[in-house]
Amino acid sequence: MASSGGGGSSGGLGSEGESAAASAIGSLDLDGAAASSDNRPGETSSNGDSERWQTRQHSTDDISRSKSKPRYIKAFGVDLSADNVAVAIVYFVQGVLGLARLAVSFYLKDDLHLDPAELYCFDFHCSDSIPLFGYRRRSYLILSGLLGALSWSLMATIVDDKYSAALSIILGSLAVAIADVVVDSMVVERARGEPQSTSGSLQSLCWGSSAIGGVMSAYFSGSLVDTYGVRFVFGVTAFLPLMTSTVAVLVNEKRLPLGENATSSSDSGLIESSKEHIMQIWSSVKQPNIFLPTLFIFLWQATPQSDSAMFFFITNKLGFTPEFLGRVTLVTSIASLVGIGVYNSFLKEVPLRKIFFVTTIFGSALGMTQVLLVTGLNRVLGISDEWFSIGDSLIITVLGQASFMPVLVLAAKLCPPGVEATLFATLMSISNAGGVTGGLLGAGLTQFLGVTKDNFQNLALLIVVCNLSSLLPLPLLGLLPDESPGVDNEQTKVD
């Protein structure tokens, strides 16, 4: 695997590259000394003169190297080196893919006629081991873009039932996951051993880029559905993942030797490599300082959700159009960017336990405001359904994004050297599994309370139960590291 240095500026230069550079500099020095001696006839060069001259030459080289050291533009406090730009663009593409989010929801609801409980099942949220064509990262980014383009092309053309739709959505999610593993491994390598604030800045760059992509596509996600239909939106979206394939050239990675690649790709080499990685992951995950925080993240994400039921309510009952929901998506995308800015400016040095506690309490309380929309009390207060929905979504999204950032920071800091990409992907998969579990629990509650696409009598009760259940993980905050601002990964401890 190509080594990436801390701070994100050294890319794939490892110790061998530094040694080669040092040897080249030494050769240039010797050549310069010889030329200097030849060009000064009549002068006798003593050993002392030669040493003093070489000292001055080294000093000049140091100054030259210092002046030629690249100075990068910063975003969210992170240098925009080539690798970091690649990471940011991959996350930007993930945000732009939100162009099809509303189209998928309306397609499943109106074309495939799914109920709220069924809609939950469609909410789907290895590269360090196996090189492809001599690269462990570039090849996977190219593959990710091609798979993503294929999945949305299928949605635009031949998908016509819920099973083929599920397969296409899974394929698209797989494409995003592949790119995630690659770029997240790069982020984890830079975050390892850094203070919480530095790791927070890296995650802010990633999710800030995603939010910017979401802002750029948000409004059109609704207006295009209204004007041209969902198939057209799927077709346009199919071109977006190809950006991920394009930016692969920015990843600073040296091609592996052919023999090494062949060995790694052989059956025996693959099996041994897989076994080794599985053992490394297991030995890492079973450590209390990794297992306990991961357990908390899973439980925190696994509380029931009422999102799909609310989508049916605002479209079937309140009559919100795709164009208006596109405006709401635009507002929430901007709010997501604001939430990242709030975290990056004020919260990235706050202990994790405090952030989780405060944001969970406020999030539960603010989530209850949806009851006002369901019961119509907002109109009694003189607030229209549209304006209430926009304001409610804005506030909840800012808080939700600010509370989700610590999950990413914690996951990045838990990863030990050697299995960064695989373990980070495992931790985030566990987090997503918690979200899927919460969706399934929400689906069960939705069906149990009799909430359907036409019956919303118990929707208010469903919202109350889901928001109160989000408080259940709070007694388990002791599973998180007792971390103060600026404390390194090795210094964290769990009660």
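How many of the 11 residues of helix α14 (residues 307–317) are buried? In this predicted model, local features need pLDDT of at least 70 and side-chain atom pairs count only at pLDDT 80 or more, whereas totals for chains, interfaces and linings use all residues. Residues are numbered from 1 along each chain as its sequence is written, and side-chain values use heavy atoms, with hydrogens and water left out.

Eight of the 11 residues of α14 are buried, so this helix is largely enclosed by the rest of the structure; buried means under 20% relative accessible area, with a 1.4 Å probe and protein chains only, and helices are DSSP runs of H or I with at least four residues, numbered from the N terminus. The buried residues of α14 include Met310, Phe311, Phe312 and Phe313, and among the elements that cover them are α4 (101–111), α15 (322–347) and α21 (459–469), where contact means heavy atoms within 4.5 Å.

Met310 is also one of the residues with the most contacts inside the largest nonpolar core, which has 51 residues; such a core is a set of buried Ala, Val, Leu, Ile, Met, Phe, Trp, Tyr and Cys residues joined through side-chain atoms within 4.5 Å. Domain 1 (73–251) and domain 2 (270–480) both give residues to this core, so it lies between them, the bounds coming from an automatic or database domain assignment. Phe234, another of the residues with the most contacts in this core, touches Tyr107, Trp152 and Met155, among others, not counting residues up to four places away in sequence.

Definitions and conventions:
Buried means under 20% relative accessible area, exposed over 50%, partly exposed in between (1.4 Å probe, protein chains only). Helices (H or I, at least four residues) and strands (E, at least two) are DSSP runs, numbered from the N terminus.
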